[in-house]
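I wanted each term written down with its cut-offs beside what I found.

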Amino acid sequence: MPKLSETTRESRRRHVMVSAWKCFSRQGFQATTMDEIIAETGMSSSSVYRYFTGKDELIDAAAEESLTTTRAALNALRDRHPVAGPRETLTALVAALQRQIDEPDYDLSKITVNAWAEALRNPDM
């Protein structure tokens with residue numbers, strides 16, 4: 001069997017993540033099963049498990065992606081000189097939120113809320 005290029009591996013890993021995000025956006029972390037994620041990918045279960053060991057790892061990846069987007073918006077505001085006023089701050093935060101919900105197949109803002117809730121259950125998050 002030929003080895004996959006790093007680009008192909010990363011593309012497939014991203015496909016698994018996006019498939020999980022679609023499921024998590026619809027049902028949340030806890031109600032989503034690995035079988036649903038695997039079905040969403042259209043891949044075999046062994047292929048999916050090659051990239052992620054299980055649902056907890058996919059939850060961590062989803063939380064990291066959604067919170068990184070939020071963190072980037074907040075960091076950009078913090079680093080502005082002069083400091084952004086209330087109107088600019090709110091406009092920037094709304095724009096960041098809009099970017100999270102603009103995807104037609106998933107909503108990273110829902111995943112962010114799920115990640116905050118998951119952090120109550122999982123202190124490592």
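The entries below go from the whole chain to single contacts.

**Ground rules.** I am working from a predicted model, in which local features need pLDDT of at least 70 and side-chain atom pairs count only at pLDDT 80 or more, while totals for chains, interfaces and linings use all residues. Residues are numbered from 1 along each chain as its sequence is written, and side-chain values use heavy atoms, with hydrogens and water left out.

**Whole chain.** I counted six helices and zero strands in the protein chain, where helices (H or I, at least four residues) and strands (E, at least two) are DSSP runs numbered from the N terminus. The C-alpha atoms fill a box of roughly 55 × 35 × 30 Å, taken along the principal axes.

**α4 and α6.** I noted that two packed helices are described by the angle between their axes and the distance between the axes. For helix α4 (residues 55–78) and helix α6 (residues 108–121), the axes come within 8 Å and cross at roughly 115 degrees; such axes are lines fitted to C-alpha atoms over the stretch in contact, and angles run from 0 to 180 degrees between N-to-C directions. Looking at the contact (heavy atoms within 4.5 Å), I found that the residues that meet include Ile59 and Leu67 in α4 and Ile111 and Trp116 in α6. By class, this contact of α4 with α6 has eight nonpolar, three polar and four charged residues, where Ala, Val, Leu, Ile, Met, Phe, Trp, Tyr, Cys and Pro count as nonpolar, Asp, Glu, Lys and Arg as charged, and the others, Gly among them, as polar.

**Salt bridges.** I used the rule that a side-chain nitrogen of Lys or Arg lies within 4 Å of a carboxyl oxygen of Asp or Glu, and the count comes to seven salt bridges. One of them joins Arg14 and Glu65, with the closest N and O atoms 3.6 Å apart. Because Arg14 lies in helix α1 (residues 6–31) and Glu65 in helix α4, the pair ties together parts that are 51 residues apart in sequence. I also saw that Glu65 is among the α4 residues in the contact with α6.

**A cis bond.** Which form does the peptide bond from His81 to Pro82 take, cis or trans? I found that this bond is cis, with omega near 0 degrees, and that Pro82 lies in the loop between α4 and α5. I set beside this that most peptide bonds are trans.
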